[in-house]
Amino acid sequence: MITLDVENVHTYYGNIHALKGISFTVEQGEIVTLIGANGAGKSTTLKTISGLLRPRQGRILLEGDDLGAYPAHEIVARGVVQVPEGRRIFGRLTVTENLEMGAYTVTDRAEIARRMDFVFTIFPRLKERRHQTGGTLSGGEQQMLAIGRALMAQPRIMLMDEPSMGLAPVLVESIYEVISDLHQKGTTILLVEQNARMALSVANRGYVLETGRIVLEGSAQDLMTNPQVQAAYLGLQ
Ligand SMILES: Nc1ncnc2c1ncn2[C@@H]1O[C@H](COP(=O)(O)OP(=O)(O)OP(=O)(O)O)[C@@H](O)[C@H]1O
Ligand SMILES: [Mg+2]
């Protein structure tokens, strides 16, 4: 079943044509990655899906439902939840309070507690730090918190914007172990990355984005062995 269907989407910033007709799908249970260099349009794609930007042409369907009809918060309520680029956690709130913000639409305290327990099983480190404020966490812990906050909304599809950005290699590895683990537990993920090697290592399928256009697509395995991808994104000859 196709969860997310992006059809010929064009997005502009004023008269800057950032997305020039991109189309792709994400199916239930998949990790799909969108790889591309600086300025390719990766974040613009996620913001357009989240409803923070609107396509000037084309449409985005969630299980057949056109998201163009809904304001951003209703898109979240439908299960499309973004982990933003650069983490954007609340520095003055505690870990627990940050997580609660992710479930702001839920009023049932027991349900919130259940979801928080799930996040703490994924990220035991966050449990240890639950009374600490977000601003005092390390970069890797902040990324865990940003992912945890998204999980609190129980996403049908999680949109992740460069989760490896700015992290030391060992932390990148541990964040990617979590992404793999979430995938195994059934979470559907659209993963945007400059770090093509890591993204392709966990993804089922991928698309290569260059200056607002999809120029290649295929299974993660095919992309990883594609000479063009190897030369441009994997640092291989
Ligand atoms: N607020 C904005 N106003 C004008 N142009 C923008 C704005 N945000 C992004 N752009 C332009 O849109 C294009 C796509 O940017 P986008 O942020 O989507 O790239 P990206 O693939 O996420 O890059 P990065 O890997 O550096 O995060 C770029 O040319 C960028 O300069
Ligand atoms: Mg970006």
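Author: Here is a short chat about a lysine, a ligand and a ring pair. This is a predicted model, where local features need pLDDT of at least 70 and side-chain atom pairs count only at pLDDT 80 or more, while totals for chains, interfaces and linings use all residues. Residues are numbered from 1 along each chain as its sequence is written, chains are lettered from A and ligands numbered from 1 in the order in which they are written, and side-chain values use heavy atoms, with hydrogens and water left out.

Reader: What does the side chain of Lys42 reach?

Author: The backbone oxygen of Gly36, at 3.0 Å. A polar atom of the Lys42 side chain also lies 2.8 Å from the backbone oxygen of Ala37. Those are polar contacts: pairs of N or O atoms within 3.5 Å; within protein, one must be able to donate a hydrogen and the other to accept it, and residues adjacent in sequence count only if both atoms are side-chain atoms.

Reader: Now ligand 1. How many residues surround it?

Author: 14, and the closest are Asn38, Lys42, Thr44, Glu85 and Gln194. Being near here means having a heavy atom within 4 Å of the molecule.

Reader: Which polar atoms come up around ligand 1?

Author: A polar side-chain atom of Thr44 is 2.5 Å from an oxygen atom of ligand 1. A polar backbone atom of Gly41 lies 2.9 Å from an oxygen atom of the ligand. The elements giving two or more residues to the shell are β2 (16–27) and α1. Helix α1 gives the most, with three residues.

Reader: New topic: how many aromatic pairs does a search of the whole structure find?

Author: One. Phe24 and Tyr207 form a tilted pair, 5.5 Å centre to centre with 50° between the planes. Rings of Phe, Tyr and Trp (its six-membered ring) pair if their centres lie within 6.5 Å; planes under 30 degrees apart count as stacked, over 60 as edge-to-face and the rest as tilted.

Reader: Where are Phe24 and Tyr207 in the chain?

Author: Phe24 is in strand β2 and Tyr207 in strand β9 (residues 205–210), 183 residues apart. Phe24 is buried at 3% relative accessibility, and Tyr207 is buried at 2%.

Terms used. Helix = DSSP H or I, 4+ residues; strand = E, 2+ residues; numbered from the N terminus. Buried < 20%, exposed > 50% of the residue type's maximum accessible area, 1.4 Å probe, protein only.
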